[in-house]
Amino acid sequence: MHEKTVRVELDTRSYPIHIGSGLWEKYLPPLTANAEVALIADANISGQPWFAPLREKLTVSAAKLLPLTVPAGETTKNLTVFTELCSALAKARISRRGIIVAVGGGVVGDLAGFVAASYLRGIAFVQVPTSLLAAVDSSVGGKTGVNLPEGKNLVGAFYQPDAVIVDLDFLPTLPPRELAAGMAEVVKYGIIKAPNFFEYVKNGRPPDLARVIEKSVSIKAEVVANDEREETGLRAMLNFGHTIGHAIEQTAGYGNWLHGEAVSVGMIGAAWLSHRLLGLPLTVARDIRAALTMNQLPVTISGLDYDQLAPVIAVDKKSTGKKVNWVLCPELGRTVQSTEVPEDLLREAIAVCAGRKEF
Ligand SMILES: NC(=O)c1ccc[n+]([C@@H]2O[C@H](COP(=O)([O-])OP(=O)(O)OC[C@H]3O[C@@H](n4cnc5c(N)ncnc54)[C@H](O)[C@@H]3O)[C@@H](O)[C@H]2O)c1
């Protein structure tokens, strides 16, 4: 199959995203002579059949290889594990010419990226995303960090990788539920910026995964290139569905609902608000719901309750002052941001997300 490369254009921090089969051998470090490589993966990943050859290759080609394994799952994205990883690098005397290679999903990528941003004030970093969500979203754009008990991703840094390698040969071992969770972000790209792409993915995951990933990262790369640090408001459009989604993840406890599943339900809430506030046609809101269902995603979570979710939404880190910055969609392919969502409409939206209100 063809190899595709999408570039994230950020002046001196520009980098390629390589997408295709059998790419890891071609693009993995050593990117520089005498590279010291810290290979960070979670326990699931290090047990996959394709991981051992990758580690072997690095053992042979790197001047020093430090393999580090963290427990799998969202609860690993914390300051304790971050500190342990930094200490391991220090004990192994990884120097400034060290390279961190993060192999895995968004948890490993976010965590390892924050280590790369922090250790010795920043060392090189290569992302090898192996979940669909990481391939289409978290590995691109430079947001790294960990969670606090007070909320998700509250500590972190913007730190762009030197390269992203999406090797499609790693995806077949991904559990179907995780694959579906990645499709939530794919459907989101269609909703916020690409109506034709929405059409392409709305009937369920299309067979050409390379095309799905290439289009998704192209959209993310363009947005990030124009608003790297979420300063102009452009990048915030990527948060469509995430305000309620993050609150669901937090109130349900990290790990019970996958990020993509929570975002899927969050997009239903955002679609409802878009309908009520901006006139998004009900037919389109229903199309969004159908697209998520066709992609094996939940569109309601029973038991969601306004009194429980609203305070969590209120401290969403994208808040402007005291107001939450909602990303809404007046029509497919376009978003607007608003801090004006009345309480009664938020109550309705949460009732829709809980399956208590039909639309
Ligand atoms: N940095 C960003 O811009 C950004 C964007 C979106 C999400 N995120 C973060 O990403 C995280 C979620 O990422 P995720 O959904 O990839 O979760 P994850 O990293 O927990 O991976 C999901 C599970 O799939 C397993 N896995 C991954 N690839 C596999 C493969 N090829 N074969 C078998 N098993 C595999 C992992 O071991 C894990 O158990 C969240 O922490 C979220 O906050 C970050």
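At least two residues of the shell around the ligand come from each of helix H2 (43-46), helix H5 (106-118), helix H6 (132-138), strand S8 (151-158) and helix H7 (176-193). Helices (H or I, at least four residues) and strands (E, at least two) are DSSP runs, numbered from the N terminus. The model is predicted: local features need pLDDT of at least 70 and side-chain atom pairs count only at pLDDT 80 or more, while totals for chains, interfaces and linings use all residues. Residues are numbered from 1 along each chain as its sequence is written.

**Ligand shell**
- The ligand is surrounded by 32 residues, and the closest are Asn44, Gly105, Gly106, Ser131 and Ser138; a residue is near a molecule if its C-beta atom, placed from the backbone, lies within 6 Å of it.
- The shell lies between domain 1 (4-173) and domain 2 (176-354), because both give residues to it; the domain bounds come from an automatic or database domain assignment.

**Helix H14**
- Leu346, Glu348, Ala349, Ile350, Val352 and Cys353 of H14 are buried, that is, 20 or more other C-beta atoms, placed from the backbone, lie within 10 Å of their own.
- These buried residues pack against helix H10 (242-252), helix H11 (259-278) and helix H13 (306-314).
- After H14 comes Gly355, with a positive phi near 80 degrees.

**Residue Ala41**
- Ala41 is located in strand S3 (residues 36-42).
- Ala41 counts as buried because it has 26 C-beta neighbours inside 10 Å.

Definitions and conventions
A residue is buried if 20 or more other C-beta atoms lie within 10 Å of its own, exposed if 12 or fewer, and partly exposed in between; C-beta atoms are placed from the backbone. Two residues are in contact if their C-beta atoms, placed from the backbone, lie within 7 Å.
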